[in-house]
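Student: I have a protein model open beside its sequence, and I would like to learn how to read it one feature after another. Could we go through it slowly together?

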Amino acid sequence: MDHRILSHQQIVHKINRIAYQIYEANVEEEVIILAGIAGGGLDLAKKLKKALEKICQAQIQLCTVKMDKSNPLESGVTTTLKPEAYQGRSVVVIDDVLKSGSTLIYGVHHFLKTPVKLLKTAVLVDRNYKRFPIKADFKGLSLSTSMEEHVHVDFSPRNYGVYLD
């Protein structure tokens, strides 16, 4: 049985709040790179891009981060932007849910291979259960769950939801 944790309006509010936090951390930047991890992270990054474009003058560039989430070390990480595009820039690596931290840490590791100006992370839901030493700099909700529980983010048009099952 699914239990709704966040409603559409609550998610929209959290996206706007995260956008303001990203802007405040990058107020002097002319370009901000939003690197969404393919899947829910990319969906969240697209929504953050729209919110940021309403509140700041910076150019917001979207970047897709691709990896095999079940085995990111073997598969490697690729992005839709070449390293020259984000070198010396501010980058925010984005995922929808932070569970063990493996997806986010491999995404961050990819960007550490290039000298970026600032590197931050953003998630909609931080499950407070990590196997890796990574934290979300910007988060919508902290949620303590067991590993058996599953958090699902649904970005269906006009009916966003976060569910615990």
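Student: Leaving aside its neighbours within four places in sequence, which residues is Ser90 in contact with?

Tutor: Please keep in mind from the start that this is a predicted model. Apart from those neighbours in sequence, Ser90 is in contact with Asn26, Glu29, Val31, Ile32, Ile33, Lys117 and Leu118. Ser90 itself belongs to strand β5, which covers residues 90-98, and one of its partners, Asn26, is joined to it side chain to side chain by a polar contact of 2.3 Å.

Student: Is Ser90 buried or exposed?

Tutor: A residue counts as buried when its relative accessible area is under 20%. Ser90 has a value of 1%, and therefore it is buried.

Student: How many aromatic pairs does a search of the whole structure find?

Tutor: The general idea is that a pair of aromatic rings is described by the distance of the centres and the angle of the planes. In this structure the search finds 2 aromatic pairs. One of them is formed by Tyr86 and Phe111, with 4.7 Å from centre to centre and 65 degrees between the planes, an edge-to-face arrangement. Tyr86 lies in helix α4 (residues 83-86) and Phe111 in helix α5 (residues 102-112), so this pair ties together parts that are 25 residues apart in sequence. Both Tyr86 and Phe111 are buried.

Student: Why is the pair of Phe155 and Tyr160 described as edge-to-face?

Tutor: Planes that are over 60 degrees apart count as edge-to-face. The planes of Phe155 and Tyr160 stand at 85 degrees, with ring centres 5.3 Å apart, so this pair is edge-to-face. Both of these residues, Phe155 and Tyr160, are buried.

Student: What should I look at for Val125?

Tutor: Val125 lies in strand β6 and counts as buried, because its relative accessibility is 0%. Not counting residues up to four places away in sequence, Val125 touches Asp96, Val97, Leu98, Leu141, Leu143, Val151 and Val162.

Student: How much space lies in the largest pocket, and which residues lie nearest its centre?

Tutor: Rolling a probe the size of a water molecule over the atoms shows where empty space is left. The largest pocket holds about 360 Å³ of space, and among its 14 lining residues Lys69, Asp95, Val97, Lys99 and Thr103 lie nearest the centre. The elements giving two or more residues to this lining are β5 and α5, and the largest share, 4 residues, comes from β5. By type, the lining of the largest pocket divides into 4 nonpolar, 5 polar and 5 charged residues.

Student: Which residues line the second largest pocket?

Tutor: They are Val12, Ile15, Asn16, Lys47, Lys50, Ala51, Lys54 and Tyr160, and about 220 Å³ of space lies in this second largest pocket. Here α1 (8-25) and α2 (40-55) are the elements that give two or more residues to the lining, with the largest share, 4 residues, coming from α2. The lining of the second largest pocket is made up of 4 nonpolar, 1 polar and 3 charged residues.

Student: Finally, what phi does Arg158 have?

Tutor: Most residues other than glycine have a negative phi, and most peptide bonds are trans. Arg158 has a positive phi of about 60 degrees although it is not a glycine. Arg158 lies in the loop between β8 (151-154) and β9 (161-164), and it is exposed, with a relative accessible area of 77%.

How values were computed: Residues are numbered from 1 along each chain as its sequence is written. This is a predicted model: local features need pLDDT of at least 70, side-chain atom pairs count only at pLDDT 80 or more; totals for chains, interfaces and linings use all residues. Side-chain values use heavy atoms; hydrogens and water are left out. Buried means under 20% relative accessible area, exposed over 50%, partly exposed in between (1.4 Å probe, protein chains only). A polar contact is a pair of N or O atoms within 3.5 Å; within protein, one must be able to donate a hydrogen and the other to accept it, and residues adjacent in sequence count only if both atoms are side-chain atoms. Contact means heavy atoms within 4.5 Å. Rings of Phe, Tyr and Trp (its six-membered ring) pair if their centres lie within 6.5 Å; planes under 30 degrees apart count as stacked, over 60 as edge-to-face and the rest as tilted. On a 1 Å grid over the protein atoms alone, a cavity is a set of points where a 1.4 Å probe fits but cannot get out, and a pocket is an open set with protein on both sides within 12 Å along at least five of seven lines; lining residues have an atom within 4 Å of a point. Grid points are joined across faces, edges and corners, and a volume is the space filled by probe spheres set on the points. Ala, Val, Leu, Ile, Met, Phe, Trp, Tyr, Cys and Pro count as nonpolar, Asp, Glu, Lys and Arg as charged, and the others, Gly among them, as polar.
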